[in-house]
Amino acid sequence: MTTPILFKNARVFDGSSADCPEGMWVLVADGLIQEISSTPIAAPHAQSIDCAGRTLMPGLIDAHVHAFASDVNVANLESLGETYRTAHAVRMLGHSLQCGFTTVRDVGGGNYSLYRALADGLITGPRYLYSGKVLSMTGGHGDFRDMSERPRYQSTCACSSGSLFNAVAVIADGVDECIKAARDELRQGAHCIKIMGSGGVASLTDPIWMNQYREDEIRAIVRECEERRSYVTAHCHPASAVRRCVEYGVRTIEHGTLIDDETARFVAAHGAYIVPTMATIFALTELGRELGFPAESQLKMDVAFKSALSGMDAMRRANVKVCFGTDLLGKTYTQQCREFLLRSEVFTPVEILRQATTMNPEMMMMSGRLGCVAVGAEADLLLVDGDPLSDISLLAADGRHLSVILRGGELIKPRSGS
Ligand SMILES: [Zn+2]
């Protein structure tokens, strides 16, 4: 049981409206926001925090992380093993929470075991949603073998229909294997199913422009998720992949880097979401070579880098529902907050704030529960020293301008008693 907390005299950004009321009182108890009022709330047993006019806002949400991606080179992910990857996850998630991210959605490699370690308090980190292993076709973006490697099948695989898998992805080909793999991830608590809908940067053998998975495979996975009241998100760089995935029922596109105006309008018209990931594109363009990113991948990253900001601008012009994600690998995890600055090249502060608060839960089918200051919502809150609606860089300083971080009603910063 955590102590109830009463925020007094706060300026409140509720996650959507740019008109932030001042002098507000907000009561938190049992992990939820219980009461919001413009007049004083009586709560004698609550710990009170005088906000002195500072901005109280929803905790940030990063909809694209990989907790287990301990290295920029996916080959090293395998060779260093699960313990190393877990150690990275602990460090990365701890940092993320201190930056003000109270929820992350892991879209490749996350699992129930890590979720439970967080839920049971063995590790301190954000609220954790995971898609499990990404479904990839053979030779697709989730197939990390290089060209010289001979086919290899693991008959003892506990993952799916005797297929190949690695730390991030499971290989599934054909409708039957795709259905089985999707069902098995959902069985293990996957929040959604992610598929590799196009070529990618970190994989070695697939061109970035390539569409991946056939229509029948994608539609079959979408149907499984709909039955589960979940959804499919697809990794896509090229415009063609974005368009066909949305046409086949995919709810969310990850990256969308090489999108054009026409495709952006198509996405907007279908009400689909895109999670651009600027932080990883910039971080790896700058540091990839030094951190051991393979030369083949670096060449593909140059293609993504050239279109990253203009692609996001096409999304803005078409009024696409843009979400907030970072996709950082290995040591670049420290650049998570940089996403706010990179987006400010295209979006206004309030637009970026909405992406990282209300838009992400809408995409995740969790509106009203996460990413908002509203009665009944999870008490994930930040108290910002200053006004992030006029200065977004306040959120880009690794938590230095956050005097309070609350996750699920629990005081993360300052620590209780301090
Ligand atoms: Zn990713």
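Predicted model: local features only at pLDDT ≥ 70, side-chain atom pairs only at ≥ 80, totals over all residues.
**View 1. Helix α3 packs against helix α4**. Here you can follow α3 (residues 174-187) alongside α4 (residues 215-227), with axes 9 Å apart and an angle of about 30 degrees between them. That angle makes the two helices roughly parallel, since angles under 35 degrees are counted that way. Their crossing is right-handed. On the α3 side, look for Gly 174, Val 175, Cys 178, Ile 179, Ala 182 and Arg 183; they meet Asp 216, Glu 217, Ala 220, Ile 221, Glu 224 and Cys 225 of α4.

**View 2. Helix α5 is largely enclosed by the rest of the structure**. The buried ones are Ala 239, Ala 241, Val 242, Arg 243, Arg 244, Cys 245 and Val 246. Their cover includes helices α4 and α6 (261-269), together with strands β12 (232-238) and β13 (252-258). Just past the end of α5, you will find Gly 249 with a positive phi of about 105 degrees.

**View 3. Helices α7 and α8 cross at roughly 135 degrees**. The axes of α7 (residues 278-291) and α8 (residues 295-317) come within 10 Å, and the two helices are oblique to each other. This crossing is left-handed. From α7, the contact draws on Met 278, Ile 281, Leu 284, Thr 285, Gly 288 and Arg 289, while α8 supplies Gln 298, Met 301, Ala 304, Phe 305 and Ala 308. The contact residues comprise 7 nonpolar, 3 polar and 1 charged.

Key: Residues numbered from 1 in each chain as written. Axes fitted to C-alpha atoms, helices over the stretch in contact; angles between N-to-C directions. Helix = DSSP H or I, 4+ residues; strand = E, 2+ residues; numbered from the N terminus. Parallel < 35°, antiparallel > 145°, perpendicular 65-115°, else oblique. Left-handed = near helix turned anticlockwise from the far one by under 90°. Contact = placed C-beta atoms within 7 Å. Buried ≥ 20, exposed ≤ 12 C-beta atoms within 10 Å, placed from the backbone. Nonpolar A, V, L, I, M, F, W, Y, C, P; charged D, E, K, R; others polar.
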